[in-house]
Number of protein chains: 4
Amino acid sequence: MPRVRLNYSVELTYEVCSPAVFAFNVHAAQTDQQRILAEHYEITPRRISRLECESSTGNRVLRVEVDPGPFRMTYRASVELAPHFTSPDAIGSNAIADIPIDAFRYLRTSRYCQVDKLTKVAWFEFGQMERGYGQVAAIRDWVQRRTVFQPGSSNHGTSALETLTEHSGVCRDFAHLMIGFCRALNYPARFVTGVDYGAAPALGPPDFHAYVEVLLDSRWYLFDPTGITIPTGLPRIGTGTDAADASFATIFGSVRSGMPLVEFFADNDPANGIGLPQPTLLAISLAQA
Amino acid sequence: MPRVRLNYSVELTYEVCSPAVFAFNVHAAQTDQQRILAEHYEITPRRISRLECESSTGNRVLRVEVDPGPFRMTYRASVELAPHFTSPDAIGSNAIADIPIDAFRYLRTSRYCQVDKLTKVAWFEFGQMERGYGQVAAIRDWVQRRTVFQPGSSNHGTSALETLTEHSGVCRDFAHLMIGFCRALNYPARFVTGVDYGAAPALGPPDFHAYVEVLLDSRWYLFDPTGITIPTGLPRIGTGTDAADASFATIFGSVRSGMPLVEFFADNDPANGIGLPQPTLLAISLAQA
Amino acid sequence: MPRVRLNYSVELTYEVCSPAVFAFNVHAAQTDQQRILAEHYEITPRRISRLECESSTGNRVLRVEVDPGPFRMTYRASVELAPHFTSPDAIGSNAIADIPIDAFRYLRTSRYCQVDKLTKVAWFEFGQMERGYGQVAAIRDWVQRRTVFQPGSSNHGTSALETLTEHSGVCRDFAHLMIGFCRALNYPARFVTGVDYGAAPALGPPDFHAYVEVLLDSRWYLFDPTGITIPTGLPRIGTGTDAADASFATIFGSVRSGMPLVEFFADNDPANGIGLPQPTLLAISLAQA
Amino acid sequence: MPRVRLNYSVELTYEVCSPAVFAFNVHAAQTDQQRILAEHYEITPRRISRLECESSTGNRVLRVEVDPGPFRMTYRASVELAPHFTSPDAIGSNAIADIPIDAFRYLRTSRYCQVDKLTKVAWFEFGQMERGYGQVAAIRDWVQRRTVFQPGSSNHGTSALETLTEHSGVCRDFAHLMIGFCRALNYPARFVTGVDYGAAPALGPPDFHAYVEVLLDSRWYLFDPTGITIPTGLPRIGTGTDAADASFATIFGSVRSGMPLVEFFADNDPANGIGLPQPTLLAISLAQA
């Protein structure tokens with residue numbers, strides 16, 4: 001596979017009604033497989049900001065105090081992805097005794113992935129299968145088959161348990177349901193945010209996206225239960241137990257939000273070994289455990 | 001205040017039906033204000049075990065693989081507490097801009113503390129009060145006033161939202177409701193486990209306990225919304241976003257559990273400056289942010 | 001009080017995609033205190049329809065089978081209201097032993113009024129008050145004080161339990177919450193639909209409305225927890241345990257709905273003893289038990 | 001099929017703590033296919049009681065006011081069942097246009113059968129099947145296959161939505177889930193109570209039972225999704241939208257309940273054409289619409 005170079009930009013606009021604090025998580029993640037070639041952010045009007053790394057997630061968070069009035073935050077990054085590709089057959093599943101202690105939090109029940117309430121369905125549907133990548137892929141396919149991608153059909157309170165019976169949602173709902181099932185079957189699974197580059201034209205222009213990483217052997221493998229992206233073309237931003245941990249913008253204060261503007265561009269420079277994202281049957285990983 | 005020396009022991013017995021993995025979190029926490037003088041654990045029958053520290057919580061987790069048959073884990077510790085005491089009036093509240101990034105996870109909605117669903121009630125009930133220790137104490141008192149301590153009235157699926165309307169629960173339910181309200185008002189708040197030394201005789205012998213720490217200024221202050229303990233006498237074990245993060249025993253496999261046996265003893269040695277836990281109106285903290 | 005003559009019309013338009021059955025409940029109720037002076041309905045295109053009275057509710061239901069294509073149903077009625085007015089002080093509360101057996105269904109837990117989950121809050125908030133009209137009015141006022149009338153803040157799945165914590169909703173949500181509390185305190189309470197004549201101009205033109213009737217002594221007294229209407233000016237349509245029983249249109253089939261058009265006009269003819277609806281402190285009833 | 005004669009008795013004991021009102025629904029139903037040969041009830045200590053028929057359900061309700069102290073209610077009945085048997089193939093399904101208006105309430109969403117939240121699953125699982133008895137039987141079998149009969153695994157607040165994911169419950173939970181799915185597919189379906197005569201010895205002695213009736217053609221056909229009874233041997237007591245409508249004892253006041261004692265005996269008198277209940281593949285109905 002050629003390397004992939006992805007460029008994305010985000011423009012977030014607000015009308016701030018009272019002094020507010022914003023904590024943005026739109027900065028590209030840094031992993032062994034995702035290198036940042038360049039990035040730039042700008043805050044208008046100019047304000048002192050603080051870019052920090054949250055230790056429990058590794059997310060890069062930009063905090064800004066803002067006065068009332070219009071406010072804009074823009075971010076641009078170029079990242080190069082050199083995913084770790086593996087044949088699904090070659091991937092084993094961790095014995096629980098070998099799961100790293102810091103992955104235990106991705107086994108736990110959480111606000112949007114109520115593992116405790118999804119366990120019976122998970123074992124009924126998937127419990128007879130052999131453990132490993134194939135079982136996880138079967139979960140992904142099951143979620144995709146039952147769930148209709150339908151903007152507006154869910155909201156910020158929607159959890160996996162509701163998606164299970166509503167059969168519709170947006171990317172975060174697909175991810176929550178898949179994560180809930182994976183954890184119920186003792187796979188550490190986490191929520192990942194990135195940018196959907198608009199591969200499914202019917203779903204509109206590039207936008208924020210959410211998908212899933214599951215720990216198998218000693219790597220986090222990427223799964224997109226929506227099926228609307230080419231997973232090799234997703235620049236990774238944040239991770240966490242569920243959407244609560246990886247919000248693009250956490251806002252304290254009274255604010256009116258504009259529509260986010262997300263742009264995406266993949267370089268195509270075969271001469272330099274850079275190609276467009278391609279579909280693959282291989283397992284894809286951007287991060288070690 | 002004199003120093004306090006607390007001794008507790010825990011005996012957990014199981015009948016293991018299939019090969020299982022246990023992850024115990026009963027080891028005393030180590031903080032600047034809680035020193036471990038001695039501790040000892042034993043696994044019967046003997047098995048290789050691994051004691052690790054989870055980095056996102058600091059919890060000390062003992063992992064053991066166990067074969068079918070009877071299984072017992074015992075733990076004993078002596079800890080010395082030198083809490084940081086402050087007059088409530090002298091404690092300010094962090095501006096959101098100053099909350100450490102690693103405390104942000106304690107502001108988020110979680111499985112048992114659904115902040116997103118408790119926000120309206122929190123602001124209706126407490127929104128008019130001045131920020132600070134007094135507001136947090138008012139939340140504690142509100143929860144205590146409405147909620148009846150009633151073993152058996154809740155279960156492992158019970159969340160703050162249910163405790164809010166059911167008006168009954170056990171210590172973890174009181175803690176979840178208080179935490180939910182605190183976070184809704186932008187106080188980082190976390191779930192803490194320890195040992196309840198049986199100060200409320202009607203509630204029976206010493207047992208595991210759960211309570212709350214709230215970040216104010218740069219310290220985590222301790223609150224027990226059940227009102228059944230003397231908070232200066234609580235040896236701290238684990239912390240986390242909610243009960244999901246701080247279970248005494250996480251069990252993978254088919255297991256029948258016996259009743260946990262918890263013992264507790266506070267030293268009383270005035271000649272050496274060691275006294276029994278005393279009630280206090282001061283704010284108590286065992287940990288810095 | 002002068003008598004009141006109310007005229008309302010309803011126009012419901014649809015685009016029917018597959019053969020469908022409609023069951024409308026927009027016909028004015030007939031009670032001793034609400035006489036129908038004239039009514040008319042029309043179905044376009046012409047179809048055979050059936051007007052029936054549901055025996056458990058007394059609701060008048062018009063059933064129509066419709067072929068694909070545009071479809072319109074219009075209804076117009078003139079009703080004269082001669083409510084039974086009583087001084088709240090003169091109204092007692094039924095002993096449970098005296099509640100008519102057919103009112104028992106209005107004591108039960110229902111889809112949108114989960115009495116079983118609201119009982120603790122009901123007794124905590126209102127349990128110390130004397131039984132009777134005053135206690136019921138206190139429930140109405142409590143609901144009104146906490147809840148913001150906000151179209152779009154709830155949906156067809158929203159129940160009393162959610163309104164209790166969300167603090168917002170539309171008329172049906174206010175009604176469900178009040179009903180839930182009343183039943184928890186052993187008052188038979190039912191959901192009532194009518195037409196809101198637009199007394200609160202900020203909330204827009206006349207529209208369907210939902211409110212509450214509570215059985216006290218041997219009459220159903222009317223309460224509007226939204227506070228946006230003059231209750232003497234509400235023409236009554238349907239009743240039931242909750243919104244599930246009294247939907248304006250129950251549709252079987254694939255259909256796109258237009259915006260309902262509701263018009264309302266109150267006669268003012270003092271020479272004939274007909275006046276406009278007036279606010280009153282008296283208790284109002286349109287129906288005996 | 002021979003006729004069936006069933007005798008059952010119920011003994012309910014209480015310790016009444018404050019003046020209380022009881023409304024019992026343990027009297028056998030009277031239908032064209034279930035004749036009451038004899039019945040007797042007794043209240044100890046003697047109290048005036050009132051036996052009424054609730055018009056919306058036809059349930060026979062005995063109301064008693066009771067003073068503090070021990071209280072016992074016993075009831076005994078002999079009923080003869082002459083069910084209407086039909087070949088499943090000969091049963092059609094009502095067009096919605098032909099469902100009697102008074103069966104509409106059995107299409108609606110209710111407290112324990114949240115039709116609105118079960119619709120997507122119902123159509124996904126059963127939507128491709130032909131309408132009729134076979135589709136309803138498929139729902140029954142699906143519920144039975146997924147759900148474990150497990151006393152103690154549910155409580156009085158448990159609804160169909162929870163049974164769907166918990167995969168366990170008691171008879172009322174099985175019934176609620178089946179009812180929810182049937183209504184979602186536009187079959188009027190109602191909750192029925194009776195006596196389980198202990199055909200499944202592992203589940204213990206005779207006890208109250210709950211099952212389902214579904215309207216097909218112009219009859220209510222009986223289905224027992226638990227699979228633990230012979231449906232021809234169930235004496236029918238009450239019906240309703242769900243368990244809220246058909247409680248064996250509704251109690252107003254502070255009361256401690258003893259264990260109900262239920263006895264059951266089926267006559268076997270072949271000489272007179274009376275036989276024991278037999279399994280059958282025919283559809284069984286005890287009531288017309």
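**Notebook: helices, a sheet and chains**

I started with helix α4 of chain C, residues 171–184: it has 14 residues and reaches 20 Å from its first C-alpha to its last, close to the 20 Å expected at 1.5 Å a residue. The expected span is 1.5 Å times one less than the number of residues. Helices (H or I, at least four residues) and strands (E, at least two) are DSSP runs, numbered from the N terminus.

Before going on, I noted that this is a predicted model, where local features need pLDDT of at least 70, side-chain atom pairs count only at pLDDT 80 or more, and totals for chains, interfaces and linings use all residues. Residues count from 1 along each chain as its sequence is written, while chains are lettered from A and ligands numbered from 1 in the order written.

Is α4(C) covered or open? I found it mostly covered, with 14 of 14 residues buried (20 or more other C-beta atoms within 10 Å of a residue's own, placed from the backbone; exposed is 12 or fewer, partly exposed in between). Just after α4(C), C:N186 takes a positive phi of about 70°.

Next I looked up a sheet in chain B. Six strands make an open antiparallel sheet in the order β7-β17-β12-β11-β10-β13; strands pair if DSSP finds at least two bridges between them. Its edge strands, β7 (84–86) and β13 (236–240) of chain B, each pair on one side only. I counted eight bridges between β10 and β11 of chain B, and B:T193 has B:A210 as its bridge partner in β11(B).

Last, chains A and C: they do not touch (contact means C-beta atoms, placed from the backbone, within 7 Å). Their nearest C-alpha atoms are 11 Å apart.

Notes. Contact = placed C-beta atoms within 7 Å.
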